[in-house]
Amino acid sequence: MEKQVILNEKQFELTLNRLCYQLIENHNQFEDTVLIGLQPRGVNVLNRLKIRLEQILGKPVVCGALDITFYRDDFRRRERPIIPSATNIDFIVENKRVVLIDDVLYTGRTIRSGIDAMMAYGRPASVELLALVDRRFKRQLPIQADYVGKTIDTLATERVNVEWKEVEGEDKVVLFTQERESNG
Amino acid sequence: MDNLSVEHLIGIKDLTENDIQLIFKTADSFKEIINRPIKKVPSLRDITIANLFFENSTRTRLSFELAQKRLSADVINFSASSSSVKKGETLIDTVNNILSMKVDMVVMRHPNPGAAHFLSTKVKAKIINAGDGTHEHPTQALLDAYSIRERLGDVAGKKVVIVGDILHSRVALSNIYCLQKLGAEVMVCGPTTLIPKYIQDLGVKVEHNLRKALDWCDVANMLRIQLERQDIKYFPSLREYSMQYGLNKEILESLDKEIVVMHPGPINRGVEITSDVADSKQSIILDQVENGVAVRMAATYLLASKIER
(Lines give C-alpha, C1' and ligand atoms only; values in the text may rest on other atoms or scores of the structure.)
Protein backbone atom coordinates (compact mmCIF):
# COMPACT_ATOMS: atom_id res chain seq x y z
CA MET A 1 0.00 0.00 0.00
CA GLU A 2 1.30 3.44 -0.95
CA LYS A 3 0.47 6.23 1.45
CA GLN A 4 -0.26 9.81 0.53
CA VAL A 5 -1.21 12.59 2.96
CA ILE A 6 -4.09 14.62 1.57
CA LEU A 7 -4.57 16.99 4.49
CA ASN A 8 -1.75 17.60 6.96
CA GLU A 9 -2.25 18.90 10.47
CA LYS A 10 -2.24 22.59 9.45
CA GLN A 11 -4.59 22.11 6.49
CA PHE A 12 -6.79 19.92 8.67
CA GLU A 13 -7.29 22.73 11.18
CA LEU A 14 -7.90 25.35 8.47
CA THR A 15 -10.49 23.08 6.85
CA LEU A 16 -12.42 22.50 10.09
CA ASN A 17 -12.30 26.25 10.75
CA ARG A 18 -13.70 27.04 7.31
CA LEU A 19 -16.50 24.49 7.78
CA CYS A 20 -17.47 26.23 11.03
CA TYR A 21 -17.76 29.62 9.32
CA GLN A 22 -19.73 28.09 6.44
CA LEU A 23 -22.17 26.62 8.97
CA ILE A 24 -22.51 29.98 10.72
CA GLU A 25 -23.15 31.70 7.34
CA ASN A 26 -26.22 29.53 6.86
CA HIS A 27 -27.36 29.02 10.44
CA ASN A 28 -26.64 32.40 12.11
CA GLN A 29 -27.04 31.87 15.84
CA PHE A 30 -28.04 28.17 15.59
CA GLU A 31 -31.43 28.88 17.23
CA ASP A 32 -33.20 25.98 15.51
CA THR A 33 -30.17 24.04 14.38
CA VAL A 34 -28.93 20.71 15.74
CA LEU A 35 -25.75 18.87 14.71
CA ILE A 36 -25.82 15.08 14.53
CA GLY A 37 -22.62 13.06 14.07
CA LEU A 38 -22.85 9.55 12.64
CA GLN A 39 -21.20 6.83 14.73
CA PRO A 40 -18.45 5.96 14.93
CA ARG A 41 -16.13 8.31 12.98
CA GLY A 42 -18.50 11.18 12.21
CA VAL A 43 -18.66 11.90 15.91
CA ASN A 44 -14.96 12.85 15.89
CA VAL A 45 -15.70 15.53 13.28
CA LEU A 46 -18.70 16.69 15.30
CA ASN A 47 -16.73 17.00 18.55
CA ARG A 48 -14.09 19.21 16.89
CA LEU A 49 -16.67 21.40 15.16
CA LYS A 50 -18.64 21.76 18.40
CA ILE A 51 -15.62 23.08 20.34
CA ARG A 52 -14.72 25.61 17.60
CA LEU A 53 -18.33 26.70 17.00
CA GLU A 54 -18.95 27.31 20.67
CA GLN A 55 -15.75 29.40 20.84
CA ILE A 56 -16.88 31.55 17.93
CA LEU A 57 -20.55 31.86 18.94
CA GLY A 58 -19.94 32.03 22.68
CA LYS A 59 -22.89 29.75 23.43
CA PRO A 60 -23.64 26.04 23.49
CA VAL A 61 -24.61 24.22 20.28
CA VAL A 62 -27.08 21.30 20.46
CA CYS A 63 -25.34 18.10 19.37
CA GLY A 64 -26.01 14.36 19.30
CA ALA A 65 -24.41 11.10 18.21
CA LEU A 66 -26.42 8.70 16.04
CA ASP A 67 -25.75 5.01 15.47
CA ILE A 68 -27.11 3.66 12.18
CA THR A 69 -26.32 -0.06 12.49
CA PHE A 70 -29.92 -1.26 12.54
CA TYR A 71 -30.83 0.92 9.54
CA ARG A 72 -28.11 -0.36 7.20
CA ASP A 73 -29.09 -2.01 3.92
CA ASP A 74 -26.37 -4.67 4.05
CA PHE A 75 -27.70 -6.70 7.01
CA ARG A 76 -27.16 -10.42 6.30
CA ARG A 77 -25.03 -9.52 3.28
CA ARG A 78 -21.94 -9.27 5.48
CA GLU A 79 -19.93 -12.07 7.01
CA ARG A 80 -20.48 -10.89 10.58
CA PRO A 81 -23.05 -8.63 12.15
CA ILE A 82 -21.84 -5.09 12.86
CA ILE A 83 -21.74 -4.29 16.55
CA PRO A 84 -23.57 -1.08 17.22
CA SER A 85 -22.13 2.03 18.92
CA ALA A 86 -24.15 4.18 21.29
CA THR A 87 -26.78 6.63 20.17
CA ASN A 88 -26.86 9.70 22.34
CA ILE A 89 -29.61 12.10 21.30
CA ASP A 90 -31.54 13.79 24.09
CA PHE A 91 -33.67 16.06 21.92
CA ILE A 92 -36.40 15.74 19.30
CA VAL A 93 -35.58 16.88 15.75
CA GLU A 94 -39.19 17.96 15.07
CA ASN A 95 -39.06 21.24 13.09
CA LYS A 96 -35.30 21.56 13.62
CA ARG A 97 -32.71 22.27 10.96
CA VAL A 98 -30.50 19.20 11.14
CA VAL A 99 -26.91 18.97 9.92
CA LEU A 100 -25.73 15.36 9.58
CA ILE A 101 -21.99 14.99 9.95
CA ASP A 102 -19.69 12.22 8.75
CA ASP A 103 -15.97 11.92 8.08
CA VAL A 104 -15.97 10.40 4.57
CA LEU A 105 -18.76 10.53 2.00
CA TYR A 106 -18.35 7.74 -0.55
CA THR A 107 -21.17 5.45 -1.73
CA GLY A 108 -23.84 7.49 0.10
CA ARG A 109 -25.36 4.40 1.71
CA THR A 110 -24.32 5.34 5.25
CA ILE A 111 -25.96 8.74 4.83
CA ARG A 112 -29.15 7.11 3.51
CA SER A 113 -29.27 4.97 6.66
CA GLY A 114 -28.46 8.03 8.76
CA ILE A 115 -31.41 9.98 7.35
CA ASP A 116 -33.69 7.02 8.09
CA ALA A 117 -32.37 6.62 11.65
CA MET A 118 -32.65 10.34 12.35
CA MET A 119 -36.33 10.37 11.31
CA ALA A 120 -37.05 8.20 14.39
CA TYR A 121 -36.59 11.40 16.39
CA GLY A 122 -39.24 13.41 14.58
CA ARG A 123 -39.82 15.34 11.34
CA PRO A 124 -37.05 17.90 10.83
CA ALA A 125 -37.61 21.18 8.98
CA SER A 126 -34.58 20.48 6.80
CA VAL A 127 -31.59 18.18 6.64
CA GLU A 128 -28.11 19.09 5.39
CA LEU A 129 -24.96 17.05 5.10
CA LEU A 130 -21.41 17.90 6.10
CA ALA A 131 -18.53 15.63 5.11
CA LEU A 132 -14.88 16.22 5.92
CA VAL A 133 -13.84 14.28 2.82
CA ASP A 134 -15.92 13.75 -0.31
CA ARG A 135 -14.81 10.87 -2.56
CA ARG A 136 -16.91 12.15 -5.39
CA PHE A 137 -16.77 9.18 -7.76
CA LYS A 138 -18.53 5.84 -7.21
CA ARG A 139 -21.57 7.30 -5.50
CA GLN A 140 -24.31 4.63 -5.44
CA LEU A 141 -27.19 6.85 -4.35
CA PRO A 142 -28.26 10.38 -5.33
CA ILE A 143 -26.74 12.05 -2.24
CA GLN A 144 -24.50 15.14 -2.17
CA ALA A 145 -22.91 17.03 0.71
CA ASP A 146 -23.79 20.67 1.44
CA TYR A 147 -20.50 21.34 3.23
CA VAL A 148 -17.30 19.63 2.11
CA GLY A 149 -13.87 19.81 3.70
CA LYS A 150 -11.94 18.35 0.80
CA THR A 151 -13.07 16.76 -2.45
CA ILE A 152 -10.88 13.99 -3.82
CA ASP A 153 -10.96 11.69 -6.84
CA THR A 154 -10.28 8.09 -5.93
CA LEU A 155 -10.52 4.59 -7.33
CA ALA A 156 -12.62 1.88 -5.68
CA THR A 157 -9.43 0.00 -4.77
CA GLU A 158 -8.10 2.99 -2.81
CA ARG A 159 -8.89 3.73 0.80
CA VAL A 160 -9.23 7.05 2.62
CA ASN A 161 -8.54 7.32 6.36
CA VAL A 162 -9.27 10.32 8.55
CA GLU A 163 -6.97 10.20 11.58
CA TRP A 164 -7.45 12.12 14.84
CA LYS A 165 -5.11 13.49 17.46
CA GLU A 166 -7.32 11.93 20.18
CA VAL A 167 -7.31 8.49 18.54
CA GLU A 168 -4.33 8.01 16.25
CA GLY A 169 -2.06 10.74 17.65
CA GLU A 170 -2.16 13.18 14.73
CA ASP A 171 -4.78 15.06 12.71
CA LYS A 172 -4.53 14.11 9.05
CA VAL A 173 -6.28 12.61 6.06
CA VAL A 174 -4.43 9.80 4.30
CA LEU A 175 -5.02 8.09 0.96
CA PHE A 176 -3.86 4.48 0.60
CA THR A 177 -3.23 3.27 -2.94
CA GLN A 178 -2.60 -0.29 -3.97
CA GLU A 179 0.77 -0.59 -5.69
CA ARG A 180 0.38 -1.34 -9.37
CA GLU A 181 1.69 -4.59 -10.71
CA SER A 182 4.32 -3.91 -13.34
CA ASN A 183 3.52 -5.39 -16.71
CA GLY A 184 7.16 -5.68 -17.60
CA MET B 1 -16.55 -8.30 15.70
CA ASP B 2 -17.75 -11.70 16.80
CA ASN B 3 -20.77 -13.63 15.73
CA LEU B 4 -22.78 -16.10 17.82
CA SER B 5 -21.18 -19.54 17.94
CA VAL B 6 -24.55 -21.30 17.59
CA GLU B 7 -27.05 -21.60 14.73
CA HIS B 8 -30.11 -21.88 17.00
CA LEU B 9 -30.89 -20.73 20.53
CA ILE B 10 -31.87 -24.01 22.17
CA GLY B 11 -30.28 -23.67 25.58
CA ILE B 12 -27.77 -21.63 27.55
CA LYS B 13 -25.73 -24.83 27.88
CA ASP B 14 -24.67 -24.48 24.22
CA LEU B 15 -23.58 -20.84 24.50
CA THR B 16 -20.10 -19.51 25.31
CA GLU B 17 -19.47 -16.60 27.65
CA ASN B 18 -18.62 -14.52 24.56
CA ASP B 19 -22.03 -15.30 23.07
CA ILE B 20 -23.75 -14.09 26.21
CA GLN B 21 -21.69 -10.90 26.38
CA LEU B 22 -22.37 -10.26 22.68
CA ILE B 23 -26.11 -10.60 23.29
CA PHE B 24 -25.87 -8.19 26.26
CA LYS B 25 -23.88 -5.63 24.31
CA THR B 26 -26.40 -5.73 21.47
CA ALA B 27 -29.27 -5.55 23.97
CA ASP B 28 -27.80 -2.31 25.37
CA SER B 29 -28.38 -0.68 21.99
CA PHE B 30 -31.89 -2.07 21.71
CA LYS B 31 -32.74 -0.87 25.19
CA GLU B 32 -31.88 2.66 24.06
CA ILE B 33 -34.01 2.18 20.94
CA ILE B 34 -37.12 1.01 22.82
CA ASN B 35 -36.98 4.20 24.88
CA ARG B 36 -37.05 6.43 21.78
CA PRO B 37 -40.16 8.24 20.49
CA ILE B 38 -40.22 5.82 17.53
CA LYS B 39 -39.33 2.44 18.99
CA LYS B 40 -38.74 0.56 15.78
CA VAL B 41 -35.83 -0.22 13.47
CA PRO B 42 -36.04 -1.71 9.97
CA SER B 43 -33.32 -4.40 10.36
CA LEU B 44 -35.48 -7.53 9.90
CA ARG B 45 -38.01 -6.22 7.40
CA ASP B 46 -37.45 -9.15 5.03
CA ILE B 47 -37.65 -11.83 7.76
CA THR B 48 -40.75 -13.82 8.73
CA ILE B 49 -41.00 -15.34 12.19
CA ALA B 50 -43.53 -17.88 13.47
CA ASN B 51 -44.32 -18.02 17.17
CA LEU B 52 -45.50 -21.52 18.00
CA PHE B 53 -46.86 -21.87 21.50
CA PHE B 54 -47.89 -25.40 22.40
CA GLU B 55 -48.18 -24.31 26.00
CA ASN B 56 -49.76 -21.26 27.62
CA SER B 57 -47.79 -18.06 27.98
CA THR B 58 -48.59 -14.38 28.31
CA ARG B 59 -45.40 -12.54 29.12
CA THR B 60 -42.98 -14.54 26.98
CA ARG B 61 -45.24 -14.56 23.92
CA LEU B 62 -45.98 -10.84 24.13
CA SER B 63 -42.33 -10.07 24.79
CA PHE B 64 -41.18 -12.06 21.75
CA GLU B 65 -43.88 -10.60 19.55
CA LEU B 66 -43.04 -7.05 20.59
CA ALA B 67 -39.31 -7.69 20.08
CA GLN B 68 -39.99 -9.05 16.58
CA LYS B 69 -42.25 -6.16 15.64
CA ARG B 70 -39.75 -3.58 16.90
CA LEU B 71 -37.24 -5.18 14.51
CA SER B 72 -39.81 -4.88 11.68
CA ALA B 73 -40.09 -8.65 11.14
CA ASP B 74 -43.34 -10.15 9.85
CA VAL B 75 -44.91 -12.23 12.59
CA ILE B 76 -47.39 -15.10 12.61
CA ASN B 77 -48.75 -16.54 15.82
CA PHE B 78 -49.98 -19.97 16.59
CA SER B 79 -51.25 -21.49 19.78
CA ALA B 80 -51.95 -25.15 20.27
CA SER B 81 -55.39 -24.72 21.77
CA SER B 82 -56.80 -23.37 18.50
CA SER B 83 -54.97 -25.53 15.96
CA SER B 84 -54.81 -28.81 14.07
CA VAL B 85 -52.65 -30.28 16.84
CA LYS B 86 -55.98 -31.04 18.45
CA LYS B 87 -56.84 -33.00 15.30
CA GLY B 88 -53.79 -35.26 15.69
CA GLU B 89 -51.12 -33.59 13.52
CA THR B 90 -47.49 -34.33 14.51
CA LEU B 91 -45.05 -31.57 15.53
CA ILE B 92 -42.91 -31.99 12.40
CA ASP B 93 -45.94 -31.89 10.12
CA THR B 94 -47.29 -28.80 11.82
CA VAL B 95 -43.97 -26.99 11.57
CA ASN B 96 -43.23 -28.07 7.99
CA ASN B 97 -46.63 -26.81 6.94
CA ILE B 98 -45.85 -23.46 8.48
CA LEU B 99 -42.36 -23.38 6.96
CA SER B 100 -43.73 -23.98 3.49
CA MET B 101 -45.25 -20.54 3.85
CA LYS B 102 -41.62 -19.26 3.76
CA VAL B 103 -40.89 -18.68 7.42
CA ASP B 104 -37.26 -17.94 8.36
CA MET B 105 -37.34 -18.37 12.12
CA VAL B 106 -39.42 -20.27 14.64
CA VAL B 107 -39.90 -19.35 18.29
CA MET B 108 -41.33 -22.37 20.05
CA ARG B 109 -42.65 -23.26 23.48
CA HIS B 110 -43.48 -26.90 24.01
CA PRO B 111 -44.33 -29.07 27.04
CA ASN B 112 -41.77 -31.76 26.08
CA PRO B 113 -38.10 -31.33 27.06
CA GLY B 114 -35.90 -31.46 23.95
CA ALA B 115 -38.66 -30.41 21.56
CA ALA B 116 -36.71 -27.38 20.32
CA HIS B 117 -33.53 -29.38 19.78
CA PHE B 118 -35.48 -32.08 17.94
CA LEU B 119 -37.02 -29.48 15.68
CA SER B 120 -33.66 -27.85 14.94
CA THR B 121 -32.38 -31.14 13.53
CA LYS B 122 -35.40 -31.61 11.28
CA VAL B 123 -36.27 -28.24 9.74
CA LYS B 124 -34.39 -25.50 7.92
CA ALA B 125 -35.48 -22.45 9.91
CA LYS B 126 -33.59 -20.90 12.85
CA ILE B 127 -35.08 -22.05 16.14
CA ILE B 128 -35.40 -20.09 19.37
CA ASN B 129 -36.49 -22.12 22.38
CA ALA B 130 -39.08 -20.23 24.40
CA GLY B 131 -39.27 -23.01 26.99
CA ASP B 132 -39.29 -26.78 26.49
CA GLY B 133 -40.94 -28.56 29.39
CA THR B 134 -38.69 -28.70 32.45
CA HIS B 135 -35.50 -28.39 30.37
CA GLU B 136 -34.43 -24.83 29.40
CA HIS B 137 -35.80 -21.33 28.90
CA PRO B 138 -32.73 -19.52 27.55
CA THR B 139 -34.12 -16.04 26.92
CA GLN B 140 -35.48 -15.87 30.47
CA ALA B 141 -32.04 -16.67 31.89
CA LEU B 142 -30.44 -14.08 29.61
CA LEU B 143 -32.84 -11.34 30.68
CA ASP B 144 -32.40 -12.31 34.35
CA ALA B 145 -28.62 -12.07 34.12
CA TYR B 146 -28.92 -8.87 32.07
CA SER B 147 -31.10 -7.34 34.80
CA ILE B 148 -28.58 -8.31 37.49
CA ARG B 149 -25.80 -6.75 35.41
CA GLU B 150 -27.89 -3.60 35.02
CA ARG B 151 -28.64 -3.30 38.75
CA LEU B 152 -25.31 -4.42 40.23
CA GLY B 153 -22.93 -3.42 37.42
CA ASP B 154 -21.64 -6.94 36.80
CA VAL B 155 -22.65 -10.58 37.20
CA ALA B 156 -19.18 -12.00 37.88
CA GLY B 157 -18.51 -12.59 41.57
CA LYS B 158 -22.14 -12.07 42.62
CA LYS B 159 -23.99 -14.60 44.76
CA VAL B 160 -27.41 -15.60 43.47
CA VAL B 161 -29.89 -17.86 45.22
CA ILE B 162 -32.75 -19.46 43.28
CA VAL B 163 -35.61 -20.26 45.64
CA GLY B 164 -38.53 -22.62 45.14
CA ASP B 165 -39.55 -25.35 42.74
CA ILE B 166 -36.17 -26.22 41.22
CA LEU B 167 -37.36 -29.67 40.17
CA HIS B 168 -39.93 -28.48 37.63
CA SER B 169 -38.20 -25.27 36.64
CA ARG B 170 -36.64 -24.67 33.25
CA VAL B 171 -35.93 -21.14 34.44
CA ALA B 172 -33.73 -22.53 37.24
CA LEU B 173 -31.67 -24.75 34.95
CA SER B 174 -31.08 -22.03 32.35
CA ASN B 175 -30.27 -19.54 35.10
CA ILE B 176 -27.70 -21.87 36.67
CA TYR B 177 -25.88 -22.32 33.34
CA CYS B 178 -26.04 -18.63 32.49
CA LEU B 179 -24.92 -17.27 35.87
CA GLN B 180 -22.07 -19.77 36.14
CA LYS B 181 -20.82 -18.96 32.64
CA LEU B 182 -20.72 -15.31 33.65
CA GLY B 183 -18.77 -16.09 36.82
CA ALA B 184 -21.47 -15.84 39.49
CA GLU B 185 -21.93 -18.24 42.41
CA VAL B 186 -25.27 -20.04 42.48
CA MET B 187 -27.24 -21.61 45.32
CA VAL B 188 -30.61 -23.33 45.13
CA CYS B 189 -33.01 -23.27 48.06
CA GLY B 190 -36.27 -25.12 48.64
CA PRO B 191 -37.87 -28.14 50.31
CA THR B 192 -35.99 -31.41 49.74
CA THR B 193 -38.82 -32.75 47.58
CA LEU B 194 -38.44 -29.89 45.10
CA ILE B 195 -34.62 -30.03 44.77
CA PRO B 196 -33.46 -32.57 42.15
CA LYS B 197 -31.20 -35.28 43.55
CA TYR B 198 -28.02 -34.68 41.58
CA ILE B 199 -28.17 -30.88 41.35
CA GLN B 200 -24.80 -30.56 43.18
CA ASP B 201 -23.18 -32.07 40.10
CA LEU B 202 -23.84 -28.75 38.36
CA GLY B 203 -21.61 -27.05 40.92
CA VAL B 204 -24.36 -25.25 42.84
CA LYS B 205 -24.76 -25.02 46.60
CA VAL B 206 -27.90 -26.47 48.17
CA GLU B 207 -29.62 -24.93 51.19
CA HIS B 208 -32.94 -25.85 52.76
CA ASN B 209 -33.16 -22.91 55.12
CA LEU B 210 -34.35 -19.71 53.44
CA ARG B 211 -32.93 -17.43 56.13
CA LYS B 212 -29.42 -18.88 55.72
CA ALA B 213 -29.67 -18.63 51.94
CA LEU B 214 -30.67 -14.97 52.13
CA ASP B 215 -27.80 -14.20 54.51
CA TRP B 216 -25.42 -15.59 51.90
CA CYS B 217 -26.75 -14.00 48.70
CA ASP B 218 -26.68 -10.66 46.82
CA VAL B 219 -29.66 -11.58 44.66
CA ALA B 220 -32.70 -13.77 45.38
CA ASN B 221 -34.63 -15.13 42.39
CA MET B 222 -38.01 -16.35 43.69
CA LEU B 223 -39.58 -18.99 41.44
CA ARG B 224 -43.26 -19.66 41.09
CA ILE B 225 -44.71 -22.84 42.52
CA GLN B 226 -45.77 -24.64 39.35
CA LEU B 227 -48.87 -26.44 40.48
CA GLU B 228 -49.70 -27.38 36.88
CA ARG B 229 -46.56 -29.55 36.64
CA GLN B 230 -46.98 -31.21 40.03
CA ASP B 231 -48.96 -34.42 39.62
CA ILE B 232 -48.23 -35.49 43.19
CA LYS B 233 -48.00 -33.50 46.43
CA TYR B 234 -44.48 -32.24 47.12
CA PHE B 235 -45.34 -30.30 50.30
CA PRO B 236 -48.24 -30.40 52.76
CA SER B 237 -49.93 -27.14 51.79
CA LEU B 238 -49.32 -23.84 50.00
CA ARG B 239 -49.69 -22.11 53.37
CA GLU B 240 -46.92 -24.17 54.87
CA TYR B 241 -44.70 -23.60 51.84
CA SER B 242 -45.31 -19.89 52.12
CA MET B 243 -44.36 -19.88 55.81
CA GLN B 244 -41.10 -21.75 55.16
CA TYR B 245 -40.02 -20.36 51.79
CA GLY B 246 -42.08 -17.24 51.15
CA LEU B 247 -40.20 -13.93 50.99
CA ASN B 248 -41.77 -11.25 53.17
CA LYS B 249 -40.91 -7.79 54.45
CA GLU B 250 -39.93 -8.95 57.97
CA ILE B 251 -37.28 -11.39 56.81
CA LEU B 252 -35.91 -8.92 54.23
CA GLU B 253 -35.61 -6.15 56.82
CA SER B 254 -33.93 -8.43 59.34
CA LEU B 255 -30.99 -8.97 56.93
CA ASP B 256 -27.91 -6.81 57.52
CA LYS B 257 -27.74 -5.85 53.81
CA GLU B 258 -30.04 -4.93 50.96
CA ILE B 259 -30.49 -7.77 48.46
CA VAL B 260 -32.00 -7.60 44.98
CA VAL B 261 -35.31 -9.46 44.56
CA MET B 262 -36.28 -11.06 41.23
CA HIS B 263 -39.18 -13.14 39.97
CA PRO B 264 -39.67 -14.54 36.45
CA GLY B 265 -43.47 -14.15 36.69
CA PRO B 266 -46.30 -14.81 36.88
CA ILE B 267 -46.31 -14.04 40.61
CA ASN B 268 -48.47 -15.95 43.06
CA ARG B 269 -48.80 -13.04 45.47
CA GLY B 270 -48.72 -14.26 49.04
CA VAL B 271 -47.19 -17.65 48.17
CA GLU B 272 -43.52 -17.33 47.15
CA ILE B 273 -43.42 -13.57 47.63
CA THR B 274 -45.65 -11.09 49.48
CA SER B 275 -47.13 -8.04 47.76
CA ASP B 276 -45.10 -5.48 49.71
CA VAL B 277 -41.84 -7.18 48.67
CA ALA B 278 -42.90 -7.61 45.05
CA ASP B 279 -43.71 -3.89 44.82
CA SER B 280 -40.72 -2.67 46.86
CA LYS B 281 -37.66 -0.77 45.63
CA GLN B 282 -35.49 -3.86 46.06
CA SER B 283 -37.60 -5.73 43.52
CA ILE B 284 -36.52 -5.54 39.84
CA ILE B 285 -39.43 -7.64 38.60
CA LEU B 286 -40.72 -4.99 36.18
CA ASP B 287 -37.19 -4.15 34.97
CA GLN B 288 -36.90 -7.83 34.07
CA VAL B 289 -39.97 -7.50 31.85
CA GLU B 290 -38.64 -4.38 30.11
CA ASN B 291 -35.21 -5.93 29.62
CA GLY B 292 -36.91 -9.05 28.24
CA VAL B 293 -37.87 -7.16 25.09
CA ALA B 294 -34.37 -5.74 24.58
CA VAL B 295 -32.66 -9.10 25.18
CA ARG B 296 -35.06 -10.94 22.85
CA MET B 297 -34.48 -8.29 20.17
CA ALA B 298 -30.74 -8.88 20.52
CA ALA B 299 -30.99 -12.67 20.33
CA THR B 300 -33.37 -12.50 17.36
CA TYR B 301 -31.22 -9.94 15.55
CA LEU B 302 -28.00 -11.90 16.00
CA LEU B 303 -29.56 -15.21 14.91
CA ALA B 304 -31.26 -13.55 11.95
CA SER B 305 -27.89 -12.29 10.74
CA LYS B 306 -27.02 -15.96 10.14
CA ILE B 307 -29.97 -16.68 7.86
CA GLU B 308 -28.80 -17.53 4.36
CA ARG B 309 -30.84 -16.94 1.27
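The structure is a predicted model, in which local features need pLDDT of at least 70 and side-chain atom pairs count only at pLDDT 80 or more, while totals for chains, interfaces and linings use all residues. Residues are numbered from 1 along each chain as its sequence is written, and chains are lettered from A and ligands numbered from 1 in the order in which they are written.

Me: What makes chain B as compact as a globular protein of its length?
Reply: The radius of gyration is taken over C-alpha atoms, and the globule rule is 2.2 Å times the number of residues to the power 0.38. For the 309 residues of chain B the rule gives 19 Å, and the radius of gyration is 19 Å, close to that value, so chain B is as compact as a globular protein of that length. Along its principal axes, the C-alpha trace of chain B spans about 60 × 45 × 35 Å.

Me: Why are the buried residues of helix 2 of chain B said to line one face of the helix?
Reply: Helices are DSSP runs of H or I with at least four residues, strands are runs of E with at least two, and both are numbered from the N terminus. A residue is buried if 20 or more other C-beta atoms, placed from the backbone, lie within 10 Å of its own, exposed if 12 or fewer, and partly exposed in between. In helix 2 of chain B, the buried residues are B:Thr60, B:Ser63, B:Phe64, B:Ala67, B:Gln68 and B:Arg70. Seen down the axis of helix 2 of chain B, these fall within an arc of 165°, so they line one face of the helix; the arc is that of the directions from the helix axis to the C-beta atoms.

Me: What covers the buried residues of helix 2 of chain B?
Reply: The cover includes strand 1 (48-53), strand 2 (74-79), strand 3 (105-110), strand 4 and helix 11 of chain B.

Me: How many residues does each domain of chain B give to the contact?
Reply: An automatic or database domain assignment supplies the bounds, dividing chain B into domain 1 (12-136 + 289-304) and domain 2 (138-284). Domain 1 of chain B gives 21 residues to the contact and domain 2 of chain B gives 20 residues, two residues being in contact if their C-beta atoms, placed from the backbone, lie within 7 Å. Helix 1 (17-33), strand 4 (126-132) and helix 11 (285-304) of chain B are the elements that give two or more residues to the domain 1 side.
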